[in-house]
Amino acid sequence: MTGELRWAVTDGPDGTAAVELPRDDDDAWRLEQQARGGFWCAREAGGCGGRLEVAHGPRPAFRHGGSAACAFARHGAAAGPAYDALRYRRPLTAWLTGQGHEARVVRAPDPGGHPGLHVVVPGTGVLEVQLAPLADDAWRERDDALRRADGRVTWLHGPDAEVSAAAEARVRGAALVVRRHDRGLMVGVRDAGAAVRWVRLASCLLTAGGLDVPGLAEARARHARRTAEREAAARRAGR
């Protein structure tokens with residue numbers, strides 16, 4: 001249906017505790033009982049901050065109360081990608097806070113409207129969470145611009161950002177990928193051959209030297225050795 005809205009937050013209009021309304025109406029009733037504080041259209045996702053009600057039926061959906069002037073009220077499907085960023089933001093900021101960092105998170109929509117996360121962490125640079133497809137050339141241009149502006153940049157490529165992850169792996173020998181897992185996040189080291197080793201975000205550490213992920217240094221070292229071997233072989237063949 002036009003304007004069908006399936007996403008909300010449960011911790012207030014400026015909150016980040018995103019939930020998706022089940023498609024089964026019995027499950028929707030159960031979610032409504034669990035979220036006793038109610039539902040809001042999240043400002044952090046680009047919504048209006050208004051209260052939402054559950055419209056029950058064969059296709060349950062959230063509904064704005066009154067005459068809310070909200071783009072999601074007209075085009076609810078557009079909220080899905082925007083709320084996806086909140087699902088990454090909450091565990092990421094909790095992890096940073098647990099390490100003593102005071103991060104500033106900026107919601108950064110790409111030209112197609114699919115938001116990623118630009119996370120400024122004083123003393124360590126920025127984390128760029130890419131949640132939308134990004135072409136090779138576009139990734140290189142954005143990476144150059146970020147490094148000129150912020151110095152140290154660590155990319156985390158989401159499930160839809162396979163192309164940019166592959167581009168970084170070719171350039172640097174490895175790239176970091178990220179996906180949601182239960183209520184937390186998993187981080188993977190993607191090597192230049194597209195193999196991925198996954199660990200929990202809790203196993204990673206952000207320092208002034210960058211993001212320390214188990215297996216990352218080893219993957220880059222292997223790539224450097226192979227590159228050196230290929231270059232040496234090419235020089236020998238050219239004699």
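Predicted model: local features only at pLDDT ≥ 70, side-chain atom pairs only at ≥ 80, totals over all residues.

Colleague: What volume does the largest pocket have?

Modeller: The largest pocket holds about 390 Å³ of space. It is lined by 13 residues, and those closest to its centre are A17, A18, V19, R90 and R183.

Colleague: Which element gives the most to that lining?

Modeller: Helix 3 does, with 4 residues. Strand 2 (18–20) and helix 3 (79–98) each supply at least two residues of the lining.

Colleague: How many of the lining residues of the largest pocket are charged?

Modeller: The lining of the largest pocket has 5 charged residues, along with 5 nonpolar and 3 polar ones.

Colleague: And the second largest pocket, what is its volume?

Modeller: The second largest pocket contains about 230 Å³. Its lining consists of 17 residues, with R152, V153, T154, L211 and R220 nearest the centre. Strand 9 (153–157), helix 5, strand 10, strand 14 and helix 6 each give two or more residues to this lining. By class, the lining of the second largest pocket comprises 7 nonpolar, 4 polar and 6 charged residues.

Colleague: You mentioned helix 6. Which of its residues are buried?

Modeller: In helix 6, L216, A219, H223 and A232 are buried. The buried residues of helix 6 pack against helix 5 (162–172), strand 10 (174–181), strand 11 (184–191) and strand 14 (210–212).

Colleague: What span does helix 6 reach from its first C-alpha to its last?

Modeller: Helix 6 covers residues 216–237, which is 22 residues, and reaches 32 Å, close to the 32 Å expected at 1.5 Å a residue.

Colleague: A change of topic: how many aromatic pairs are there?

Modeller: There are 3 aromatic pairs. In one of them, F39 and F62 have ring centres 4.9 Å apart and planes at 55°, so the pair is tilted. The pair links distant parts of the chain, with F39 in strand 3 and F62 in strand 5 (residues 61–64), 23 residues apart.

Colleague: Why does F39 count as buried?

Modeller: F39 counts as buried because its relative accessibility is 4%, under the 20% cut-off. F62 is also buried, with a relative accessible area of 4%.

Technical notes: Residues numbered from 1 in each chain as written. Heavy atoms only, no water. Expected span 1.5 Å × (residues − 1). Buried < 20%, exposed > 50% of the residue type's maximum accessible area, 1.4 Å probe, protein only. Contact = heavy atoms within 4.5 Å. Phe/Tyr/Trp six-rings, centres within 6.5 Å; stacked < 30°, edge-to-face > 60°. 1 Å grid on protein atoms, 1.4 Å probe; cavity = no way out; pocket = protein on both sides within 12 Å on 5 of 7 lines; lining within 4 Å. Points joined across faces, edges and corners; volume = space filled by probe spheres on them. Nonpolar A, V, L, I, M, F, W, Y, C, P; charged D, E, K, R; others polar.
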